[in-house]
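Me: I am new to this structure and want to know what stands behind the terms used for it. Please go through them with me.

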Amino acid sequence: MERVFEMDVQIHELVGAVHEAAWLPWAVQYFFLIAMSVTALLMSLPGFVFGREAALPKARLALMVAVTTGITAPIALLADLHQPGRFWEFFVYTHKTSWMAWGAWVVPSYVGLLILFAWAIHRPAFYRWGQQDWRFAWLFRLLSLGGEANWFARPLGMAAGVAALAILVYTGMEVTIVRARPLWNTPFLPLQFAATGFVGALGAMLVLERVLSRDGALEARLNRNLAAALAVVGALGLAWFALASSGLSPRHAEALASVAGFPVWQKIATWGALSIAVPFVLALVLPRNSGWVTGLIAIHAAWMFRWTVFMGGQAVPKVGSGLYDALMPTGIAGLMGVIGTFGLWLFLIIAYTTFIPWAEAGQPDDGRGAKAPGHPVRSV
Amino acid sequence: MDTNRRGFLGAMGRVSIGAAATVAGAGQSATAATDPDHRTHWGMVVDLRKCIGCQACTVACIMENDVPEDAFRTHVSVYELVKDGQDPAMVMLPRLCNHCDNPPCLPVCPVEATFKAENGEVLVDASKCVGCAYCVQACPYDARFINHETQVADKCTFCFHRTSVGLLPACVETCVGGARNFGDLNDPDSEVSRMLRENEVSVLRPEMHTNPNVYYIGLDEVLDGRVAGEAAYRPPLTGEAQATHGEGL
């Protein structure tokens, strides 16, 4: 808690210990990718689960983002453990008071349901591709498990949606409850994680739309969605700042006080505001042919928010003075996690667009939904 | 158990004279020794008036516990304080795990590797710890770290391996000025209990409500939280910020 001392006091720290960041850039990658995955999954539901035919083009891109980030995220999480070989202990010694312990159950549940849902959505196309006479037909016969029924996709999608909400709750709460880090210990943080997750997912969908579909109407629609998500992020940011600077919320005030005096943080705040404002204006004014720019800035904004929260938060000493190194690490070692996970994500996107009949994905055939398109678009 | 090195050496003398006495029992008061229900609750009282910032405790801890080069289980922060334009004063502040009775590091541990031992020590089961570092984040005293040789969470144990055989923690035993005092807070006759009764004491970060078991005599309130001053260390890319930072003042 910030206190005001009446007397004039000057303190110079002559000897102090420097603490390195214990959560590494791998953690930034995990929280970035998993938030994109769950928000993308939620955006795929109107098209695939709730019967909105017009939402199908968006849902296909959303599911692609959800699956590729959803597979990459847990790998980043595992890499952030200093004893990754002991991950099984999470399931044997679950400590009920720890949000992380609950997360250990929620994450595999979500990823499992997500993959099952994606498989169910694509099963009819797997089957069709398996029936044709071509080189990889055997692979698709294998993937279809010998049938094309996918009536179960809807309940699977809804279950994955519930798990996605559980991920948003646990990732937000896991960080928010850490009282020792004022920058994390703010009630708004879970909402900010969710809102910036939507921004990142829409950014990735915009970039993929430009690469794969080049459908102007879809681009405009995604840009409108992005503008809405950015407006929410901006509103949350303004409310955060208003609560902190007015002192209405002591926790927010403490968070602001912990970083406000540092010029580097003032630059970060300006940078963050621009990363929201620029794509917001572009998406509104130029909804077509701006997808590359708005998409990439949106991905950047979602990533940077997490880097600032996690690495920046760990750069603030709990008892010592000044700042530690975590915010701006020097050297390539810390960035290897970032480069590695982005590389894996890119690989998975290439694999997904090459081997998965994503463009044929339609609504599940349970007797009331629409069928998939009649003309296969094979990319292999 | 005796409170500091001088008292402990005296106790050792008594042990060598009285063959029936054990080292562990040497310092325990008669009240505590005769009560079958008595449970020891270890605590430390640091008399800052006696600390000279020699870092002997820092070195003793490193040697005793094989602490890796890039970390500390305990160290002494040193500050220069200038109040109302008066002459600068050098102030020492030994820091270590506070072995809180309400430790924030404990509930966050996902695999129950962190636990509160019978005598109040907050310990880590290194064979169980997954190295997630959630406890490192939750500790409000920056008293935990990931040991890069063992890849698990590491911290002060109050020298559990020594106290369980009747020895003082290494930092207490080596303290040159007798600033670090260690003993049973549940024993009203122990030196630490007496010090708590007879002195005005304070704890670090009282606003966190962690109920620490490390107490300080003579702690200036400007140092009991995050110290808002010019730092000794300036990271290459953010160092410019230090001079103008006035948080908390």
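Me: How do you know that the length of helix α12 of chain A agrees with its number of residues?
Reply: This is a predicted model. Helix α12(A) covers residues 336–355, and at 1.5 Å a residue its 20 residues should span 28 Å. The end C-alpha atoms are 28 Å apart, so the span agrees.

Me: Which residues of α12(A) are called buried, and why?
Reply: A:Thr341, A:Trp345 and A:Ile349 are buried in α12(A). The term applies because 20 or more other C-beta atoms lie within 10 Å of the C-beta atom of a buried residue.

Me: Why are β1(A) and β2(B) called paired strands?
Reply: Pairing needs at least two bridges. 6 bridges join β1(A) to β2 of chain B (residues 75–83), so the two strands count as paired. The strands run antiparallel, and A:Gln10 stands opposite B:Val82.

Me: How many residues of chain A are in contact with chain B, and what does β1(A) supply?
Reply: 55 residues of chain A are in contact with 64 residues of chain B. The largest share of the side of chain A that touches chain B, 7 residues, comes from β1(A). By class, this side has 30 nonpolar, 15 polar and 10 charged residues.

Notes. Residues numbered from 1 in each chain as written. Chains lettered and ligands numbered in written order. Predicted model: local features only at pLDDT ≥ 70, side-chain atom pairs only at ≥ 80, totals over all residues. Contact = placed C-beta atoms within 7 Å. Helix = DSSP H or I, 4+ residues; strand = E, 2+ residues; numbered from the N terminus. Nonpolar A, V, L, I, M, F, W, Y, C, P; charged D, E, K, R; others polar. Expected span 1.5 Å × (residues − 1). Buried ≥ 20, exposed ≤ 12 C-beta atoms within 10 Å, placed from the backbone.
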